[in-house]
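Subject: Handover of a structure and notes on it

Dear colleague,

Please find below the structure that I am handing over to you, together with its sequence. My notes on what was found in it follow directly after.

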Amino acid sequence: MQISDADSSPKEKRRKGTGKITLTEVAEFVGVSAMTVSRALRMPEKVNSELRARIDAAVRQLGYVPNLQARNLASVHSDLILVVAPAFSSPGFLTISESLQAVLSGQGYTMMLMESGNDGRTEYKAFEKILAYNPAAIIQFNTDTIDSCSRLLSHTEVPILDIGALNPHSVGISIGVDYAKAVRMLVTQLSAASLKNIALLCTPANNRMSRQILSGWNTAMLSLNRSPHRVVATHLPSAITTGLNVFSDLMITWSDLDGLICTSDEIACGCMMACHNAGIKVPDTLAIASLGGSSLSKVCSPSLTTVEFPWHDIGNRAGKALLDLLNDVPGDKYIEMPGVLKVRASTPG
């Protein structure tokens with residue numbers, strides 16, 4: 001009688017050419033990923049006791065014999081969490097990496113940081129190198145995932161966590177902020193202060209973040225029956241010197257400007273310094289606001305109105321969500337952490 005795969009028991013499935021039960025078959029029997037079974041066998045202290053007991057029972061029942069050579073190779077970097085960002089200077093990245101480290105190091109994991117650049121074409125090579133380290137998980141901070149790279153990641157058993165701009169199409173878990181909502185909050189605040197000629201100054205960002213920012217800007221301006229054409233995008237780094245360098249060109253283009261929204265605290269502070277040098281009063285002549293809410297926004301002069309992103313809380317939440325994912329604990333796939341509008345002296349109250 002011919003027996004179909006659906007009728008076959010796990011003991012009747014064998015590693016091709018060897019007649020041995022495979023790690024994948026043990027995982028299917030327990031109802032978890034092969035990576036989780038591998039971790040339970042290599043690092044039992046990192047798997048909760050109830051799940052570890054189920055896996056141990058399955059190993060005994062099925063007669064699984066680990067491949068020691070493959071096991072040794074697989075465990076070389078089994079405690080490694082790789083964190084990828086376009087640049088380590090990306091706004092919010094330092095705070096997030098510090099809070100991630102605090103959560104993950106307590107569970108025996110080590111973080112490795114890697115810059116992918118702002119060009120999506122370089123990403124595939126970066127992730128090829130990353131996967132060669134056999135990481136326990138990959139965390140992406142505001143990185144573009146091109147189609148070829150998405151396919152590469154989706155075919156691995158490595159947990160993926162996206163942080164930064166919320167990503168509804170993430171191959172893993174997405175935890176972060178909605179930049180569109182943040183921009184709309186700033187436009188609404190400046191408009192309520194009777195400012196008429198508002199511009200948006202954008203610093204380098206990944207495609208998803210840029211789309212959210214421009215979507216929020218266009219939606220907010222059009223809802224006020226105003227043209228959203230006053231947008232400047234610079235490829236210079238998100239730094240104070242960038243604000244100093246681009247501000248004069250901005251004012252030459254739109255001499256009637258009375259409100260400016262910057263996509264980082266650093267570039268906003270640079271613009272304020274340029275205002276001081278040019279004798280432009282902030283906020284009397286020009287109001288300035290930004291996205292970010294770093295400590296810089298509180299100490300610059302005047303203090304900066306901003307939408308404050310909870311980067312520390314995001315890193316903490318992401319670290320805990322990743323630990324749950326590594327232990328096959330169910331959780332939310334899409335977690336929004338709202339920004340908070342902080343009105344300070346750089347805009348009218």
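A residue is called buried when its relative accessible area is under 20%, and exposed when that value is over 50%. By this definition, buried residues make up 48% of the 349 residues in the protein. Please keep in mind that this is a predicted model.

Overall picture

The protein contains 13 helices and twelve strands. Its exposed surface comes to about 16500 Å², of which carbon and sulfur atoms supply 53%. Of the contacts between residues at least 6 apart in sequence, 71% join residues that are at least 24 apart.

Helix H1 covers residues 23–30, and its buried residues are Glu25, Val26, Ala27 and Val30. Which helices do the buried residues of H1 pack against? They pack against helix H2 (34–42) and helix H3 (49–62). After H1 comes glycine 31, which has a positive phi near 90°.

Helix H2 also holds leucine 41. Leucine 41 has a relative accessible area of 18%, and it therefore counts as buried, the cut-off being under 20%. Its C-alpha atom is separated by 9.6 Å from that of valine 59, a residue 18 places away along the chain.

A pair of packed helices

Two packed helices are described by the angle between their axes and the distance between the axes. For helix H8 (residues 179–192) and helix H9 (residues 207–223), the axes come within 7 Å and cross at roughly 35°. The crossing of H8 past H9 is right-handed. On the side of H8, the residues in contact are Tyr179, Ala180, Val183, Arg184 and Val187. On the side of H9, they are Met209, Gln212, Ile213, Gly216, Trp217, Thr219, Ala220 and Met221. Sorted by class, this contact has nine nonpolar, three polar and one charged residues.

Glycine 216 is found in helix H9 and deserves a separate note. With a relative accessible area of 0%, glycine 216 is buried. Leaving aside residues up to four places away in sequence, glycine 216 touches Ala180, Val183 and Arg184. From C-alpha to C-alpha, glycine 216 and methionine 185 are 9.0 Å apart in space, while 31 residues separate them in sequence.

Buried side chains in loops

Serine 90 sits in the loop between strand S1 (80–85) and helix H5 (93–105). Is serine 90 buried or exposed? Serine 90 counts as buried, because its relative accessibility is 16% and the cut-off is under 20%. A polar atom of its side chain lies 2.7 Å from the backbone oxygen of alanine 87.

Threonine 143 is placed in the loop between S3 and H7. At 3% relative accessibility, threonine 143 is also counted as buried. The side chains of threonine 143 and glutamine 140 make a polar contact at 3.4 Å.

Backbone features to look for

Most residues other than glycine have a negative phi, and most peptide bonds are trans. The following places depart from that pattern.

Asparagine 142 has a positive phi, near 45°, and is a residue other than glycine. This asparagine lies in the loop between strand S3 (137–141) and helix H7 (147–154). Asparagine 142 is buried, with a relative accessible area of 6%.

Serine 194 is not a glycine, yet it has a positive phi of about 70°. Where is serine 194 found? It lies in the loop between H8 and strand S6 (198–202). Serine 194 has a relative accessible area of 52%, and it is therefore exposed, the cut-off being over 50%.

A cis peptide bond, with omega about 10°, joins valine 282 and proline 283. Proline 283 belongs to the loop between helix H11 (265–278) and strand S9 (287–292). Another cis peptide bond runs from serine 301 to proline 302, with omega near -5°. Proline 302 is located in the loop between helix H12 (296–299) and strand S10 (305–308).

With kind regards

Conventions:
Residues numbered from 1 in each chain as written. Predicted model: local features only at pLDDT ≥ 70, side-chain atom pairs only at ≥ 80, totals over all residues. Heavy atoms only, no water. Helix = DSSP H or I, 4+ residues; strand = E, 2+ residues; numbered from the N terminus. Buried < 20%, exposed > 50% of the residue type's maximum accessible area, 1.4 Å probe, protein only. Contact = heavy atoms within 4.5 Å. Areas by Shrake-Rupley, 256 points an atom, 1.4 Å probe, with all protein chains shown as cover. Polar contact = N/O pair within 3.5 Å; in protein donor to acceptor, adjacent residues only side chain to side chain. Axes fitted to C-alpha atoms, helices over the stretch in contact; angles between N-to-C directions. Left-handed = near helix turned anticlockwise from the far one by under 90°. Nonpolar A, V, L, I, M, F, W, Y, C, P; charged D, E, K, R; others polar.
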